[in-house]
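Please look over the sequence and the model before reading on.

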Amino acid sequence: MSDSLAAIDRLRGFVADPMNPDAAGWVAEGLARYLEHAADGMRLEEALGLAVGRDAWPWWRLEQRDRERDAARKLVGVFGGDHRHAHQQVARYASSRGRVAAPDAQYSDPAMQAVHDYLQATGRVPDAAITLRRAADRDS
């Protein structure tokens with residue numbers, strides 16, 4: 001786990017239980033670091049350890065990528081590993097009921113549920129079947 005992902009987990013822990021002395025101490029240390037170095041250009045996300053390097057993805061993008069890959073794996077798995085058929089079903093669904101389906105829609109058909117969940121996670125139809133296969137094959 002990257003340092004920024006560990007830091008966001010600690011921040012979430014503080015939000016969930018601000019009275020936890022370990023979490024509150026960590027936030028207080030980060031705020032003190034920020035107050036001490038803000039005039040030197042330190043940003044709050046740097047002080048809390050949430051910032052990433054120049055070539056790294058931010059924590060929110062990493063989490064989104066993981067959600068997209070998980071949804072792609074589930075989708076391709078439901079269609080027996082046939083990424084072309086899965087892609088066709090996503091495109092078909094998105095062009096019809098997907099435009100009007102509620103975000104929390106529940107389907108009795110596991111394949112339709114996987115298609116719906118994929119579109120909710122990604123917000124888009126993959127450009128090509130190979131895009132879906134690559135996302136499903138990658139480890140998060």
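The model is predicted, with local features requiring pLDDT of at least 70 and side-chain atom pairs counting only at pLDDT 80 or more, whereas totals for chains, interfaces and linings use all residues. Residues are numbered from 1 along each chain as its sequence is written, and side-chain values use heavy atoms, leaving out hydrogens and water.

**Helix packing**

Two packed helices are described by the angle between their axes and the distance between the axes. Here axes are lines fitted to C-alpha atoms, for helices over the stretch in contact, and angles run from 0 to 180 degrees between N-to-C directions. Helices are DSSP runs (H or I, at least four residues), numbered from the N terminus.

| Helix pair | Angle between axes | Distance between axes |
|---|---|---|
| H1 (residues 3-16) and H2 (residues 21-37) | roughly 120° | within 9 Å |
| H4 and H6 | about 160° | 9 Å |

The angle of roughly 120° makes H1 oblique to H2; angles under 35 degrees count as roughly parallel, over 145 as roughly antiparallel, 65 to 115 as roughly perpendicular and the rest as oblique. In H1, Ala7, Arg10, Leu11, Gly13 and Phe14 meet Asp22, Ala23, Ala24, Trp26 and Val27 of H2, where contact means heavy atoms within 4.5 Å. Seven of the residues in this contact of H1 with H2 are nonpolar, one is polar and two are charged. For these classes, Ala, Val, Leu, Ile, Met, Phe, Trp, Tyr, Cys and Pro count as nonpolar, Asp, Glu, Lys and Arg as charged, and the others, Gly among them, as polar.

With an angle of about 160°, H4 is roughly antiparallel to H6. The contact of H4 with H6 comprises ten nonpolar, two polar and four charged residues.

**Nonpolar cores**

A nonpolar core is a set of buried Ala, Val, Leu, Ile, Met, Phe, Trp, Tyr and Cys residues joined through side-chain atoms within 4.5 Å; buried means under 20% relative accessible area, exposed over 50% and partly exposed in between (1.4 Å probe, protein chains only). The largest such core has 19 residues, and Leu75, Val115, Tyr118, Leu119 and Leu132 have the most contacts inside it. H4 (59-78), H5 (83-95), H6 (110-122) and H7 (129-137) each supply at least two residues of this core, H6 giving the most with seven. A second, separate core of nine residues includes Ala7, Trp26, Leu50 and Trp59.

**Ile130**

Ile130 lies in H7 and, at 30% relative accessibility, counts as partly exposed.
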